[in-house]
Amino acid sequence: MGGPRQRPSDGQTAGNRRIGSVGQGQQNSSLASTDAANSSGSKNQGTTGQTTNSTTENPSISGDQGTEVANDASATGGNGAARDGRHRGPGSMSGNGAGMGMGGPGGGMGGGRNGNSSSAYATPLAIFAALFFGVFVFVAYRFRAQEWKLGERNRGLMLWTVLGAGFFLRMAIAPWISGHMDLMLFRNWATTAADSLSGFYTNGSSDYPPFYIYILYVIGKIGTTDAFSPYMPVLLRLPNILADIVTAYMLYRLASKRVGYGVSLGLAIFYVFNPAVFINSTFWGQVDSFFTMLIVGMIVLLVENRIGWSAVLFTIAVLMKPQGIIYGPVLFFELLRQRKIQPWLLSIGGAVVTTILVILPFSWGQEPLWLLDLYKGTVGEYPYASVNAYNFFALIGGNYTQDTTTLFVFSYHTWGMICIVLVTLFTGWMYFRSRKPQFAAAAALVLIAGVFTFASSMHERYLFPAAALAVLAYLYLRDRRFLWLAGGFSLTIFLNTFDIFYSSNSQDHYGIILCVTSLLNVLLFGYLVKVVWDCSRPATVQAPLPKATNIAPLSVE
């Protein structure tokens, strides 16, 4: 996650630098190099009684070349010199930071507001985003009551041209973007896993969940060879770049069965070239694209009544990122709706078998409940109302405010838990009201948008799956308003990520982008509630449609 606008002092935050049990010489060397590169000290924020610890801002990461991250990371050693304390929110992990004072890739803070790529690329990216959203609005209005007519000749060629262009564009840009400090930790973990997969947790100090460690293991094995070592920053991005393309392809395939070819291709283009998607996997170098691919697959399988496999993908998602549990109620609601014992057995069996297979290689030499302890250790890592998530709490000034602070009657944390319960109850009500599994995508969208907007300890990238889920909801419910929601959430996801990734003003605690984006997210959720209320009426939920012809309108059906 991007660095905070305002960092609490070392005595106040759970992100205090706690050096792990490692060789003292390596530890001191790493800390010394960090201190030398970060001599600006702490900036006192008088209005909040907190300080901004600039040791999280590592200038060595802000160069133009992606290889700089690789070079910096290589200095930390395979196993990592130290643990980066616990400055993570729920669903986020600290890791082998070598005492560098940076958050881990799971969604934590990273190297402060400057733990990112060179700002030289901010302007082209902003221009691209403005053009993209401008074209989106034009197309949405231009074709709102018309048919999309595209010849079906060479339709396969057109699809693969779009997907190929998206892939190669990402691969061409990736080597020139140094990315976030998270890439340094990913490289560190990949090297640790490649040295000893079974000893990853016992030899290292990462508390990242186990599934993605397999991906890093493969990258580590490839990246440690002489031929591929210089391309390690690109290899670390590759799984998520591929996930972007796979998700776009899944949306296209589903759309081709339900709407016309023109709309199907348009949705693929929308996702492949979406700036919110682009900045995450290619610029930041994060894993939200891979996570979103799992969630989209889970929802598609659930709607197709392949509930056992849906439970498998859900379990993998949770074993990759703990915030995957947000989507658990969707599976639970469908199991209740079916009122059969077999789906329950399939789901429980799939989840148990998947969990055992994933964690078994890491369990040697560990306590029996080591995985539970791993997840419990993340709960209090970022006890703030908002952790750079531009949501309701950020809008009212709660960004990096302790979640124990009283807001009216209750604390931020208590209000957040109340909102999670209310959002879940509302989602269940709408799901059972709809009486159809096709409502699953809309339910998942309500859950992630509601929890992100009104719960505490949210990070800026937690909303990322909303763009794909909104498209998915349109395809199942055939309500064109979900396309507007897809565009709206894409805009707020991009603005939030862009501001955290590129902004270097650590004192800009309550800026215009934060206010506008937070307000938009609140308004979008309110609009989503209205749309879902309308669509939950049984007559509005579409049954699976036969394969569409070449022409299909974009209107509400």
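**A cavity, a salt-bridge network and a surface patch**

Asp288, Phe291, Lys321, Gln323, Ile326, Tyr327, Ile448, Arg461, Tyr462 and Pro465 line the largest cavity, where a cavity is a set of points, on a 1 Å grid over the protein atoms alone, at which a 1.4 Å probe fits but cannot get out, and lining residues have an atom within 4 Å of a point. The model is a predicted one, in which local features need pLDDT of at least 70 and side-chain atom pairs count only at pLDDT 80 or more, while totals for chains, interfaces and linings use all residues. Residues are numbered from 1 along each chain as its sequence is written, and side-chain values use heavy atoms, with hydrogens and water left out.

The space in the largest cavity is about 50 Å³, and the structure holds one cavity of 30 Å³ or more; a volume here is the space filled by probe spheres set on the grid points, which are joined across faces, edges and corners.

One of the lining residues, Arg461, also forms a salt bridge with Glu460, with 3.3 Å between the closest N and O atoms; the term stands for a side-chain nitrogen of Lys or Arg within 4 Å of a carboxyl oxygen of Asp or Glu. Both Arg461 and Glu460 are buried, a word used for under 20% relative accessible area, with exposed meaning over 50% and partly exposed in between (1.4 Å probe, protein chains only).

By this rule there are eight salt bridges, and a network of them links Asp479, Arg481, Lys530 and Asp534. Lys530 and Asp534 meet at 2.6 Å, N to O, and both lie in helix α21 (residues 512–535), four residues apart, about one turn of the helix; helices are DSSP runs (H or I, at least four residues), numbered from the N terminus.

Notes: On a 1 Å grid over the protein atoms alone, a cavity is a set of points where a 1.4 Å probe fits but cannot get out, and a pocket is an open set with protein on both sides within 12 Å along at least five of seven lines; lining residues have an atom within 4 Å of a point. Helices (H or I, at least four residues) and strands (E, at least two) are DSSP runs, numbered from the N terminus.
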